[in-house]
Amino acid sequence: MVGFHFKNNRWYSDGVALSKIAEKVGTPCYVYSLPAFEAKYKEVDQAYRPVPHLVAYSIKTNDNLSVIRALLKLGSGIDVVSGGELFKARKAGAPPDKIVFAGVGKSDDEIAYALKEGIRYFNVESIPEVEAINGVAQKMRKTAPIAVRFNPDVDPKTHHFITTGKKETKFGVYLGDVDKVMKVVRHCRSVHWTGVHAHVGSQMIQTASVGRAAKIVEKLVLQLRREGFPIHTINLGGGYGIDYHGENPPKPSQYARLVVPIIKRLNATLILEPGRYISGNSGVLLTRLLYVKQSGTKTFYIVDSGMGELIRPALYEAYHQIAPLEGPQKAVQKVDVVGPICESTDFFAKGRKLPLMKRGDLMVIFSAGAYGSVMGSTYNSRPLPPEMVVRGNKFSVARSRQTWQDLVRLEKIFD
Ligand SMILES: Cc1ncc(COP(=O)(O)O)c(C=O)c1O
């Protein structure tokens, strides 16, 4: 069985009991089911089979090299948003022509590095960025392929902190500026405009926003083609939601039903940048209960992991399912599950009904495969935990636990 499942009174990843991993490497630790990543990738890929397409996995959600390598082997492309991510993608073996580079603030060094590597194209997010890329490319005597990311002003109906497609956010070029973009690109001889990009937000649990954005993009592409720009790539970003807590999100095939006819009409190539859909439910975080603290009528489960490993609850009050790693799963009492970090935002759940647990018990925090480790920090000088990968009955360390020595490796004492 692929992914995470409960049998014989304990939680498993594929064929490996999670307790076995916790015993081997300690807690906290992330566990990734590689077959789960692959299954999700394949779902997206197959949904878009009727049109030429590239699923460029968004490594901002989980950039572990073993994860990237597993997806590359299936033919995945990669969506990066920094020079560091580009470096990691290349390190994992990503072919440059399958890498797309987004982000509102690319530095000249990052642009030069991407041009040197020969990436597929830049997702450009502003007019000054078109000019900057043109300048760097000119100096390097290269032509930079670009797709312009427009802000379609579509509401993804998700948390406001992960809304990107509304006009008040920093992402993409304002739709009303299309004439200005055309004018600038006509003057920029070292950029080649081949694509249009639109990504409206993350953790969408309805398809209508994608349909609306795709229609806006279609109109735009037809206008640009009439003006002489050879736009043949449409990038509709990522954003497909997952089930954290019974959201019942749409399947990729339901989005595809809205998008495929448009891509066919335009006779274009489609690029997609799903992240969370592939990685979110393909990973968990294991933690150990340090103390059960009774404080008046309140019960706290204080665990050995915190916002340094999974900041989503602190950042967006996100819900993550939590369960004892083994034993009875029946929830009987309301508790706050909190970490050891000196911040009141350091919590995983508040007022959550959970089974009775005791000091030393292990817990699983689900849906930690996306925006978990990548957002990790060593705040309170807590070393980053290991990332473990599972396939079938085997598991392996994909990233080792940081040591206290690692925490001071780059420092010099100025005395
Ligand atoms: C341009 C772009 N592409 C892809 C993604 C990945 O989104 P998700 O993880 O929701 O699929 C994001 C995230 O916000 C994004 O901004």
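Colleague: Which residues line the largest cavity?
Modeller: Ala198, His199, Val200, Met204, Val210, Ala213, Leu236 and Gly238 line the largest cavity. A cavity is a set of points on a 1 Å grid over the protein atoms alone where a 1.4 Å probe fits but cannot get out, and lining residues have an atom within 4 Å of a point. This is a predicted model, where local features need pLDDT of at least 70, side-chain atom pairs count only at pLDDT 80 or more, and totals for chains, interfaces and linings use all residues. Residues are numbered from 1 along each chain as its sequence is written, and side-chain values use heavy atoms, with hydrogens and water left out.

Colleague: What volume does the largest cavity have?
Modeller: About 40 Å³, as the space filled by probe spheres set on the points.

Colleague: And its lining by class?
Modeller: The lining has 6 nonpolar, 2 polar and no charged residues. Gly counts as polar here.

Colleague: New topic. How many residues are in the largest nonpolar core?
Modeller: That core has 97 residues. Tyr48, Ile78, Phe122, Trp193 and Val337 have the most contacts inside it. A core joins buried (under 20% relative accessible area, 1.4 Å probe, protein chains only) Ala, Val, Leu, Ile, Met, Phe, Trp, Tyr and Cys residues through side-chain atoms within 4.5 Å.

Colleague: Where does this core lie?
Modeller: Between domain 1 (4–32 + 280–408) and domain 2 (34–278), because both give residues to it. The bounds come from an automatic or database domain assignment.

Colleague: What area is buried between domain 1 and domain 2?
Modeller: About 2100 Å², with carbon and sulfur atoms giving 52%. That is accessible area (1.4 Å probe) lost on putting the two parts together, summed over both.

Methods
Buried < 20%, exposed > 50% of the residue type's maximum accessible area, 1.4 Å probe, protein only. 1 Å grid on protein atoms, 1.4 Å probe; cavity = no way out; pocket = protein on both sides within 12 Å on 5 of 7 lines; lining within 4 Å.
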